[in-house]
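Here are my notes on the model you asked about.

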Amino acid sequence: WDTIELGECIFLLLLPSLPKSIVVAIDDTLCEKTGPHLFGGGIHHDSHRSTYGRFTNAGKRVAFAFGWNFVVTAIHVPLPWNNDKGVAIPVCVSLYRSKKTCPKNLYKKRTTIAAEHLQRIAYWFDIYELEFDVTVAVDSEYSCRTLCQTLPEKWNLVGRMPTNAALFQ
């Protein structure tokens, strides 16, 4: 089965529960796994065990872990009894393979995978003739040109801006 086709089925099931203005969240997640026959496994940055000097006096510590790294795109669905709270339901999930473990012709950056997810969701909006106000929420890794250039015209991107960003009208 294909995770994108599964995501489309989930998306269609979510449609009656979605408000007119939706939030699409993108991030990647590490799933630690080991074994000699683990397809797509690699060594990835472990943000949960890494420190950046904020919460500890020990200073910065960068941790890595072996396993899968998935790029996940989810749609925020408000709870029926409280519209201020909700649940993020994944609609696109793709395995990221590092340069070392992936053939050159198949390698994609995480940001490229996320851009493909957004293009897929925009395609669903087009084929099902849906009108939503869409805000894409991302962290600093995904606040990049790759996502901004592939974003549909009426969609908004909310993310961390680099301190040396050049702003234009």
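The points below go from the overall fold to single residues.

1. First, the ground rules. This is a predicted model, so local features need pLDDT of at least 70 and side-chain atom pairs count only at pLDDT 80 or more, while totals for chains, interfaces and linings use all residues. Residues are numbered from 1 along each chain as its sequence is written, and side-chain values use heavy atoms, with hydrogens and water left out.

2. The overall layout. There are three helices and eight strands, where helices (H or I, at least four residues) and strands (E, at least two) are DSSP runs numbered from the N terminus. Along the sequence they come in the order α-β-β-β-β-β-β-α-β-α-β.

3. Some totals. Of the 169 residues, 34% are buried; buried means under 20% relative accessible area, exposed means over 50%, and partly exposed is in between (1.4 Å probe, protein chains only). The accessible surface comes to about 11,500 Å², and 54% of that belongs to carbon and sulfur atoms (Shrake-Rupley method, 1.4 Å probe; for residues, only the protein chains shown count as cover). Take the contacts (heavy atoms within 4.5 Å) between residues at least 6 apart in sequence: 61% of them join residues at least 24 apart.

4. Helix 1, residues 3-14. With twelve residues at 1.5 Å each, helix 1 should span 16 Å, and its end C-alpha atoms are 16 Å apart, which agrees. The expected span here is 1.5 Å times one less than the number of residues.

5. Which way does helix 1 face? Its buried residues are Ile-4, Gly-7, Glu-8, Phe-11 and Leu-14. They cover an arc of only 120° around the axis, which puts them on the same side of helix 1; the arc is that of the directions from the helix axis to the C-beta atoms. These buried residues pack against strand 5 (64-79), strand 6 (82-96) and helix 2 (110-127). On the other side, Glu-5 and Leu-13 are exposed.

6. A nonpolar surface patch. Leu-12, Tyr-123, Ile-127 and Tyr-128 form it, with about 340 Å² of accessible area together. Patches are made of residues with over 30% relative accessible area and no salt bridge, like charges being joined within 9 Å and nonpolar side chains (Val, Leu, Ile, Met, Phe, Trp, Tyr) within 5 Å. Ile-127 is in helix 2 and is partly exposed, at 38% relative accessible area.

7. How many salt bridges does a search of the whole structure find? Two, counting a side-chain nitrogen of Lys or Arg within 4 Å of a carboxyl oxygen of Asp or Glu. In one, Glu-116 pairs with Lys-108, the closest N and O atoms being 3.1 Å apart. Arg-110 and Glu-141 make a salt bridge at 2.8 Å, N to O. Arg-110 lies in helix 2 and Glu-141 in the loop between strand 7 (133-138) and helix 3 (145-150), so this pair ties together parts that are 31 residues apart in sequence.

8. That loop deserves a look of its own. Ser-143 sits in the loop between strand 7 and helix 3 and is buried, at 17% relative accessible area. Leaving aside neighbours within four places in sequence, Ser-143 is in contact with Val-138, Gly-159 and Arg-160. Asp-139 is found in the loop between strand 7 and helix 3 and is partly exposed, at 30%. Asp-139 and Asp-27 are 112 residues apart in sequence, with 7.0 Å between their C-alpha atoms.
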